[in-house]
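Subject: Structure handover

Hello,

Here is the structure I promised to pass on. My notes follow below it.

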Amino acid sequence: MQAASGAALNAPHTTSSDRSIRRRGHLLLVAGLATVWVVVDQVTKEWALARLDPGEVVPVLGELLQLRLVFNPGAAFSLGTSATPVFTVLATVVSLAILWFSRQVISPAWGVALGLIAGGAVGNLVDRLVRAPGFARGHVVDFLALPNWPVFNVADIGVTCGAALVVLLALRGIEPTEPDAPDAAPDNPQERA
């Protein structure tokens, strides 16, 4: 077998087609994980709405983990309670930006991170779009409580874990995408001439 001039005989052969398939796979990872996260988030919120009364405290692990149903019109830590429509727009933009960026992701770890963030953002976006007091002004359902921490939900766990993973990946120097490299030597011997 003849190698292209200057190419190693055992060099990995990565074509644009290979990169495209990998990217599609990682886009599916992001979209699939985000979808699963949204479903789990919404199911747990419906469970909390059916089983808990607002303000009621139900110990799960003593005072370490409690269930307490609250409705949050603001962002994390109940900041910006009068800016619910702004958070609705921001969550929409962030979710769409993540999906657009995910088309280029080549790292499975970045796919997981972005899937968690997108799933969390969309999970809370659903609340803002469909819950009282109305479209784009809905309050987010929160029901998990830790000591000295604001009440949160499964969507918040996704955003937090995804963001922590992004920081870890960035600190380790793991790139989410790769520059388009020129294709390796063609498979067809006639194209080599």
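Among contacts (heavy atoms within 4.5 Å) between residues at least 6 apart in sequence, 67% join residues at least 24 apart. This is a predicted model: local features need pLDDT of at least 70, side-chain atom pairs count only at pLDDT 80 or more, and totals for chains, interfaces and linings use all residues. Residues are numbered from 1 along each chain as its sequence is written, and side-chain values use heavy atoms, with hydrogens and water left out.

The protein has 5 helices and 3 strands. These are DSSP runs, numbered from the N terminus: helices are H or I, at least four residues, and strands are E, at least two. Their order along the sequence is α-β-β-α-α-β-α-α. Of the 193 residues, 32% are buried. Buried means under 20% relative accessible area, exposed over 50%, with partly exposed in between (1.4 Å probe, protein chains only).

Now helix α4. V154, A155, G158, G162 and L169 are buried there. They cover an arc of only 100 degrees around the axis, so they sit on the same side of α4. The arc is taken from the directions from the helix axis to the C-beta atoms. The buried residues of α4 pack against α1 (16-51), α3 (108-130) and β3 (140-145). On the face turned away from that buried side, T160 and L171 are exposed.

N153 caps the N-terminal end of α4, with a side-chain oxygen 2.9 Å from the backbone nitrogen of A155. Just after α4, G173 has a positive phi of about 75 degrees.

Best wishes

Conventions
Polar contact = N/O pair within 3.5 Å; in protein donor to acceptor, adjacent residues only side chain to side chain.
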